[in-house]
Amino acid sequence: MAREVLSSGLHSSLTPDTTVVGTISVASDIRIDGVLDGNLDCRGKVVIGEKGKVTGCIVAVNAEIMGEVKGNIKVEEKLVLKSTSVLEGDIEVSVLAVEPQAQINGRCTMLRTRPSETPESEN
């Protein structure tokens, strides 16, 4: 039976010795250094530490991945994949920064940050 963990604190974290099976919904930033077997919905920034492992989809405003993610990621603003990151899944993002040696196996779709601006003609 899946469980949902809700948090509205200033900052939440999953310590290295913690495993969560289920969905996490958080209204602020979260750092995961443990294991999450389920989806993560974050209205702030997600940080997956070097020892952190997520098997499931991640939706966030911003994200920085140093550990492993097996699942799709949708980030409204900026996603940073550090050199130690391993990602198996598709990405939807506005801004993507990838360090050398980061591993990505999946597709990337760039989201529009704002509509194209048309230059006004001068009279």
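Colleague: What should I know about the model before asking about residues?

Modeller: This is a predicted model, in which local features need pLDDT of at least 70 and side-chain atom pairs count only at pLDDT 80 or more, while totals for chains, interfaces and linings use all residues. Residues are numbered from 1 along each chain as its sequence is written, and side-chain values use heavy atoms, with hydrogens and water left out.

Colleague: How many helices and strands are in the protein, and how do you know?

Modeller: The protein has zero helices and 16 strands. Both kinds are DSSP runs numbered from the N terminus: a helix is H or I over at least four residues, a strand is E over at least two.

Colleague: What makes β7 and β10 a pair?

Modeller: Strands pair if DSSP finds at least two bridges between them. Strand β7 (residues 45-48) and strand β10 (residues 62-65) are joined by four bridges and run parallel, so they meet that cut-off. Among the bridge partners, Val47 goes with Glu64, and Ile48 stands opposite Ile65.

Colleague: Why is Glu64 called buried?

Modeller: Buried means under 20% relative accessible area, exposed means over 50%, and partly exposed lies in between, with a 1.4 Å probe and protein chains only. Glu64, in strand β10, has 17% relative accessibility, so it counts as buried. Buried residues make up 37% of the 123 residues in the protein.

Colleague: What does Glu64 touch?

Modeller: Contact means heavy atoms within 4.5 Å. Leaving aside neighbours within four places in sequence, Glu64 is in contact with Lys45, Val46, Val47, Ile48, Val80 and Lys82.

Colleague: What makes the approach of Glu64 to Lys45 a polar contact?

Modeller: A polar contact is a pair of N or O atoms within 3.5 Å; within protein, one must be able to donate a hydrogen and the other to accept it, and residues adjacent in sequence count only if both atoms are side-chain atoms. The side chains of Glu64 and Lys45 are joined by a polar contact of 3.5 Å. Lys45 is also reached at its backbone nitrogen, at 2.8 Å, by the side chain of Asp29.

Colleague: Is Asp29 buried or partly exposed, and why?

Modeller: Asp29, placed in strand β4, has a relative accessible area of 31%, so it is partly exposed. Its C-alpha atom is separated by 7.0 Å from that of Cys42, 13 residues apart along the chain.

Colleague: Why is Glu76 called partly exposed?

Modeller: Its relative accessible area is 40%, and therefore Glu76 is partly exposed. Glu76 is found in strand β12. Not counting residues up to four places away in sequence, Glu76 touches Arg43, Ala60, Val61 and Ser94. Its side chain makes a polar contact with the side chain of Arg43 at 3.0 Å.

Colleague: What makes a set of residues a nonpolar core?

Modeller: The set must be buried Ala, Val, Leu, Ile, Met, Phe, Trp, Tyr and Cys residues joined through side-chain atoms within 4.5 Å. The largest one has 25 residues, of which Val46, Ile58 and Leu79 touch the most other members. The largest share of this core, four residues, comes from β12. Leu79 has contacts beyond four places in sequence that include Ala63, Ile65 and Ile91.

Colleague: How many disulfides does a search of the whole structure find?

Modeller: It finds zero. A disulfide is a pair of cysteine sulfur atoms within 2.5 Å.

Colleague: What makes Gln101 worth a remark?

Modeller: Gln101 has a positive phi of about 80 degrees although it is not a glycine. Most residues other than glycine have a negative phi. Gln101 lies in the loop between β14 and β15 (103-105). With a relative accessible area of 71%, Gln101 is therefore exposed.
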